[in-house]
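Please have a look at the model first.

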Amino acid sequence: MKRCLNNFCRASGQVVSFEKSQIFCSPNVPNSLAAEISSICESPLTSNLGKYLGVPLIHSRLNKATYRSVVDKVQQKLTAWKGKLLSLPGRVTLIQSVTASIPLYTMQTVWLLASTCEELDKINRNFLWGSSDDVSKAHLVKWDTVCKSKKKGGLGLKQTDLINQSMLAKVGWRLLQHKESLWSNALIQKYLKGNVSNIFCNERAKHLHPSPT
């Protein structure tokens, strides 16, 4: 493996910093072999690859904790605001321009869990109607109605899961439009078994959107 990396460096002119690199091995790799690879490459082993461009590198099943940071960012924004001092239109504007936009970057490449989407919607609902951890206020209109367009009697807010689906649909569209590209071919062969027509209905297609790995 190190020989391959050295050949790549010579061919590309780039240099790998093994001292700053980390090695992640599958749980199926024996500990002795993993330790040997680490010793040869002179790079430490790790069980968590952290984040790349702000998105967690996933190497296990998704759970609530995986994208907890997204929920926390939204919650922290709201904590700094005094919702009771804002009018309803003011709270709607803040939700549209700030809290609803925070998860967008992650949702471009990640199929968020339904529970995570629901929690994000709950935070926005509570802020809209003035609820907090200490004070619970009645939600005068159903969230589904609130999320309708203004022409249909809503406030024009968006449900998190629908935004997530629409953004991932753009990824699917790019796959269809650039089927000959390297990244598209790799995903189609791995997750769709070469049948790109199943991209929007194949259960395996969900794995196209966990996060970069």
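Helix 4 and helix 6 run roughly antiparallel to each other, because that term covers angles over 145 degrees, and here, in what is a predicted model, the helices (DSSP runs of H or I, at least four residues, numbered from the N terminus) pack at about 155° with their axes 9 Å apart. On the helix 4 side, the contact (heavy atoms within 4.5 Å) is made by Leu-88, Arg-91, Val-92, Leu-94, Ile-95 and Thr-99, and they meet Asn-124, Phe-127 and Leu-128 of helix 6.

Residues are numbered from 1 along each chain as its sequence is written. Local features need pLDDT of at least 70 and side-chain atom pairs 80 or more, while totals for chains, interfaces and linings use all residues, and side-chain values use heavy atoms, without hydrogens and water.

Now, which residues line the largest cavity? A cavity here is a set of points on a 1 Å grid, over the protein atoms alone, where a 1.4 Å probe fits but cannot get out, and lining residues have an atom within 4 Å of a point. The lining consists of Val-74, Thr-99, Ala-100, Pro-103, Met-107, Leu-120, Asn-124, Lys-158, Thr-160 and Ile-163, and the elements giving two or more residues to this lining are helix 6 and helix 8, residues 160–177. Thr-99 and Asn-124, which belong to the lining, also take part in the contact of helix 4 with helix 6.

Technical notes: Axes are lines fitted to C-alpha atoms, for helices over the stretch in contact, and angles run from 0 to 180 degrees between N-to-C directions. Angles under 35 degrees count as roughly parallel, over 145 as roughly antiparallel, 65 to 115 as roughly perpendicular and the rest as oblique. On a 1 Å grid over the protein atoms alone, a cavity is a set of points where a 1.4 Å probe fits but cannot get out, and a pocket is an open set with protein on both sides within 12 Å along at least five of seven lines; lining residues have an atom within 4 Å of a point.
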